[in-house]
Amino acid sequence: MGLVIGVLVAIVAVVIVLLVMVIAGYNGLVRARNAYKNAFAQIDVQMRRRFDLIPNLVETARAYMAHERQTLEAVVNARNMAMAGLSAAQANPGDPAAMQQLSAGQQRLDGALGRLIAVAESYPDLKANQTMMQLSEELTSTENKVAFSRQAYNDAVMSYNNRRETFPGNIYAGMFGFTAAALLELPPDRPEMREAPRVQF
């Protein structure tokens with residue numbers, strides 16, 4: 001009789017230990033997932049600020065660059081595409097397809113802004129405009145904040161992915177459907193995007 005009770009106590013103890021391990025592993029994965037989603041929210045804030053600055057920049061430039069309509073329209077269209085990418089990523093941060101769409105939108109916007117800056121160089125009055133200089137300074141500051149937020153997001157994603165891929169986290173991730181999160185990466189063929197663009201008039 002005493003042996004049976006001892007075996008039952010040992011089984012219950014093992015079950016409790018396993019249950020505590022599963023709960024701790026699950027909670028760790030949830031905390032890591034919430035951390036990268038919060039980090040993405042910071043990217044969202046900075047990118048939305050960037051998107052809000054661009055129409056002001058375009059309107060200021062429009063007064064001086066009336067015959068550069070295609071350049072200005074390209075910036076507006078690229079902004080809209082980038083905003084769509086951000087919305088897709090916001091709906092599902094970490095999803096590889098959403099992160100790819102966000103990256104592509106940002107790449108297109110960076111290219112359009114670069115062309116705008118290059119064209120604006122040939123307009124001395126625009127370069128000297130106080131509003132344009134202020135907007136450029138704010139845009140540069142925001143670009144730096146986006147880069148910092150992207151790095152914080154990528155760090156949080158790496159931590160989450162490490163937790164879900166290592167033992168015993170990989171078991172819990174499989175049991176509870178924790179999928180891999182995607183980094184917000186810059187295209188390898190665009191090294192100029194690894195640095196914040198210089199916006200200066």
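## A residue between two helices

Asn129 is found in the loop that separates helix H4 (124-128) from helix H5 (130-165). The model is a predicted one, and the features described here are to be read accordingly.

With a relative accessible area of 17%, Asn129 is buried, because buried means a relative accessible area under 20%. A polar atom of the Asn129 side chain lies 2.8 Å from the backbone nitrogen of Thr131. Once residues up to four places away in sequence are set aside, Asn129 touches Thr60 and Tyr64.

## Helix H1 against helix H2

Two packed helices are described by the angle between their axes and the distance between the axes. For helix H1 (residues 2-64) and helix H2 (residues 69-91), the axes come within 10 Å and cross at roughly 165 degrees. Angles over 145 degrees count as roughly antiparallel, and H1 and H2 are therefore roughly antiparallel to each other. Their crossing is left-handed.

On the H1 side, the residues that meet H2 are Phe40, Asp44, Met47, Arg48, Phe51, Asp52, Ile54, Pro55, Val58, Ala61 and Arg62. Their counterparts in H2 are Leu72, Val75, Val76, Arg79, Ala82, Met83, Leu86, Ser87, Ala89 and Gln90. Sorted by class, this contact of H1 with H2 comprises 14 nonpolar, two polar and five charged residues.

## Helix H1 against helix H5

H1 also packs with H5, at an angle of about 165 degrees and with the two axes 8 Å apart. That angle makes H1 roughly antiparallel to H5, and H1 passes H5 in a left-handed crossing. The residues of the contact of H1 with H5 divide into 20 nonpolar, nine polar and nine charged.

The C-alpha atoms of Asn161 and Leu29 are separated by 9.1 Å, although the two residues are 132 residues apart along the chain.

Leaving aside neighbours within four places in sequence, Asn161 is in contact with Ala180 and Ala181. Between Asn161 and Ala181, a polar atom of the Asn161 side chain lies 2.8 Å from the backbone oxygen of Ala181.

Technical notes. Residues numbered from 1 in each chain as written. Predicted model: local features only at pLDDT ≥ 70, side-chain atom pairs only at ≥ 80, totals over all residues. Heavy atoms only, no water. Helix = DSSP H or I, 4+ residues; strand = E, 2+ residues; numbered from the N terminus. Buried < 20%, exposed > 50% of the residue type's maximum accessible area, 1.4 Å probe, protein only. Polar contact = N/O pair within 3.5 Å; in protein donor to acceptor, adjacent residues only side chain to side chain. Contact = heavy atoms within 4.5 Å. Axes fitted to C-alpha atoms, helices over the stretch in contact; angles between N-to-C directions. Parallel < 35°, antiparallel > 145°, perpendicular 65-115°, else oblique. Left-handed = near helix turned anticlockwise from the far one by under 90°. Nonpolar A, V, L, I, M, F, W, Y, C, P; charged D, E, K, R; others polar.
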